[in-house]
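Colleague: Before I plan around this model, could you take me through it by question and answer?

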Amino acid sequence: MSVAAAAAPARRPFFRKTGALPGFGLALGYALTWLGLIVLLPLAALFLRASSAGLAGFAATLSDPRVQHALLISFGVSAVASIAASLAGLVIAWALTRYDFPGRRVIDAMVDLPFALPTAVAGIALAALYAPDGLLGAPLARLGWQVVYNPIGIFIAMVFIGLPYAVRTVQPLIAELDRELEEAAATLGASRLQTVFQILAPPLIPAALTGLALAFARALGEYGSVIFIAGNLPGVSEIAPLLIVIKLSEFDYTGATVIAVIMLIMAFLVLLIINLIQAWSRRRMGNA
Amino acid sequence: MDIRVTDLAKEFGGARALRGVSLHVRSGELMALLGPSGSGKTTLLRIIAGLETAERGSVFFGDTDATRLSVQQRHVGFVFQHYALFRHMTVADNIAYGLRVRRRSERPSRAAISARVEELLALMQLEGYGGRHPAQLSGGQKQRVALARALAVDPRVLLLDEPFGALDAKVRKDLRAWLRQIHAQTGHTTVFVTHDQDEALELADRVAILNSGRIEQVGAPDEIHEQPASAFVASFVGDAARVPVRVLGGKAMFGETVLEAPGQAMADGAGWLWLRPYDLRLTGKGAAVVAGEPAGKLDGVIVGVRRTANGRRVEVRLQDLDVIVEADAPAGLSCGHGEQVSLAVLGGRIFPDNAK
């Protein structure tokens with residue numbers, strides 16, 4: 001009898017948790033429906049369209065130097081820019097969280113501006129500022145540095161839009177860092193530099209990686225703010241999203257979707273790698 | 001190494017945390033800083049460690065003037081209430097940290113460091129825990145790791161800020177006995193902050209009582225308990241009730257009753273007599289005076305009886321007064337609620353009225 005009684009609960013469907021609060025089935029169904037309609041269906045359509053090009057079509061598109069260069073620029077500059085944004089974001093988040101200074105709240109609110117600004121507005125503003133006759137561009141031009149209409153311009157725009165992600169992901173963790181940790185390190189004889197790199201930085205790494213991934217994803221997909229400052233010279237400063245738009249305007253839908261699929265797969269791989277590093281560093285933090 | 005602080009003063013945004021504190025901690029001594037919250041005890045400890053700077057006064061470790069030394073240069077072991085362990089490091093790495101951050105010329109060899117870690121893990125009864133992360137330890141274990149980490153660098157003095165404050169009662173008691181033992185083995189001059197008087201009285205060689213930024217009394221636990229130097233100490237340490245008295249010619253008058261027992265010299269005037277339960281002997285109403293016992297008695301009515309582990313504690317409301325004193329009832333004496341009783345005053349301390 002007791003055997004039968006013990007075996008009975010095991011027959012329940014495996015994902016069905018008899019929690020005290022109802023609504024699991026409804027919530028999961030709702031979530032899956034929306035995920036399917038909004039994310040998976042369009043992606044499937046994209047793959048379907050691209051597949052009509054066949055392997056040969058993919059190979060031809062990939063071997064086009066213009067496409068290659070656009071992908072290189074998009075992924076390369078996005079990577080460098082998101083790393084730069086993450087490092088800058090760490091410092092900004094630190095300053096905003098750890099110190100109290102006049103105007104702190106205003107600056108804190110301004111961090112979100114790139115989120116809210118229409119990207120075209122940001123692009124025009126950046127282009128006007130850094131153009132050879134712009135406020136910052138003119139003195140830089142006199143020094144012989146041209147920062148617009150080349151990958152540097154793309155970099156500037158991508159850092160600008162990636163910064164809020166980098167700041168906002170690490171900020172709550174910095175707020176959580178106990179001051180006692182620094183004091184403990186100091187009483188043990190650690191210098192300020194040792195404390196920063198050995199005690200304070202490691203717990204922030206997972207969150208900083210999240211920020212990095214978000215900033216990278218945003219930079220990769222960014223169009224509006226980049227195209228004004230990039231100059232869009234094929235083979236120099238043309239980004240992959242722009243190439244997609246160009247292909248679309250030439251009614252080359254298949255070509256456009258092929259580039260899109262390549263971008264999608266590469267982006268997925270990059271994010272997967274960042275996630276793996278994150279999981280590994282979280283395990284190393286010992287708090288899972 | 002002894003610690004000597006003189007005339008320390010510290011202010012936090014207008015609030016005075018310390019008002020001229022001087023204290024001498026003898027070499028090898030285990031001293032408790034005891035006081036209510038806001039009394040400045042933690043501030044004092046942090047100034048000794050160099051985690052805060054005083055506006056005035058100086059700190060000496062032996063003959064070394066440490067007042068201007070940085071935290072790193074002071075070479076103290078500090079244990080925090082919430083452990084402050086480095087979560088991303090294993091237990092062994094936590095303990096070794098103070099040795100690993102040293103300059104290459106002063107750093108022990110890798111083998112020496114791991115030998116030291118093993119030795120400390122053994123001392124802390126944490127053998128085999130070196131590879132774990134702090135998140136996998138209980139509170140008591142975490143605090144022992146924190147202590148091992150502080151001891152690893154062989155500090156001049158050991159400072160503990162409410163070391164058992166975050167632990168539950170049972171673990172607290174175990175760790176107390178165990179800290180005593182570690183102290184006996186290592187012999188570091190140790191100062192710990194606590195608001196728990198049992199902890200202070202049980203553990204420390206000497207106790208310093210702090211109240212609103214001043215030291216009220218420094219002394220051995222017995223001294224603090226039996227000869228409180230101020231009304232604050234009398235009320236803060238142990239159970240005590242106060243009875244208003246008039247002092248006349250060296251004698252305390254309670255109404256028309258003369259209480260002779262508290263034989264302290266005191267100027268005439270109003271005062272308070274502080275009575276601990278053992279200062280009073282409960283007798284039936286109108287019982288004969290025992291030979292050798294003072295004649296002064298307080299009359300009252302029993303308003304409560306509590307059974308304790310060791311006897312009966314009786315609460316007596318004194319006649320004509322809204323004062324309740326506590327006394328231990330001798331076995332065999334009936335003490336029902338509302339019964340009339342007398343209390344013989346065997347001891348107690350008198351402080352002038354303005355002291356509280």
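Colleague: What is the mean pLDDT of chain A, and which stretch of chain A has a pLDDT below 50?

Modeller: For chain A, 92% of the residues reach a pLDDT of 70 or more, and the mean is 86. One stretch falls below 50 and has zero contacts in the model beyond near neighbours in sequence. Where pLDDT is low, the predicted coordinates should not be read in detail.

Colleague: Which helix gives the most to the side of chain A that touches chain B?

Modeller: In the model, 19 residues of chain A are in contact with 21 residues of chain B. Three helices of chain A, namely H10 (179-187), H11 (192-221) and H14 (253-285), each supply at least two residues of the side that touches chain B. That side of chain A divides into nine nonpolar, six polar and four charged residues. The most, six residues, comes from H10(A).

Colleague: Is Leu72(A) buried or exposed?

Modeller: Leu72(A) lies in helix H4 (residues 65-98) of chain A, and its C-alpha atom is separated by 8.5 Å from that of Ala240(A), which is 168 residues apart from it along the chain. Because 12 other C-beta atoms lie within 10 Å, and a residue with 12 or fewer counts as exposed, Leu72(A) is classed as exposed.

Colleague: Where does helix H2 of chain A bend, and how many of its residues are buried?

Modeller: Helix H2(A) covers residues 24-51 and bends by about 40° at Gly36(A). The helix lies largely in the open, because among its 28 residues the number buried is one.

Colleague: Which residues of S19(B) stand opposite Leu282(B) and Gly300(B)?

Modeller: Strand S19 (residues 340-345) of chain B runs antiparallel to strand S15 (residues 280-284) of chain B, and five bridges join them. With strand S16 (residues 297-308) of chain B, S19(B) also pairs in the antiparallel sense, over five bridges. Opposite Leu282(B) stands Leu343(B), and opposite Gly300(B) stands Val341(B).

Colleague: What feature does UniProt place at residues 3-237 of chain B?

Modeller: In the model this span is 37% helix and 26% strand, and its end C-alpha atoms lie 25 Å apart. The name itself comes from an unreviewed UniProt entry, which gives the feature as "domain: ABC transporter".

Note on methods. Residues are numbered from 1 along each chain as its sequence is written. Chains are lettered from A and ligands numbered from 1 in the order in which they are written. This is a predicted model: local features need pLDDT of at least 70, side-chain atom pairs count only at pLDDT 80 or more; totals for chains, interfaces and linings use all residues. pLDDT is the predictor's confidence in each residue, from 0 to 100. Two residues are in contact if their C-beta atoms, placed from the backbone, lie within 7 Å. UniProt positions are given in the numbering used here, feature names are shortened, and annotations may be inferred rather than shown by experiment. Helices (H or I, at least four residues) and strands (E, at least two) are DSSP runs, numbered from the N terminus. Ala, Val, Leu, Ile, Met, Phe, Trp, Tyr, Cys and Pro count as nonpolar, Asp, Glu, Lys and Arg as charged, and the others, Gly among them, as polar. The bend at a residue is the angle between axes fitted to the seven residues ending there and the seven starting there. A residue is buried if 20 or more other C-beta atoms lie within 10 Å of its own, exposed if 12 or fewer, and partly exposed in between; C-beta atoms are placed from the backbone. Two strands pair if DSSP finds at least two bridges between them.
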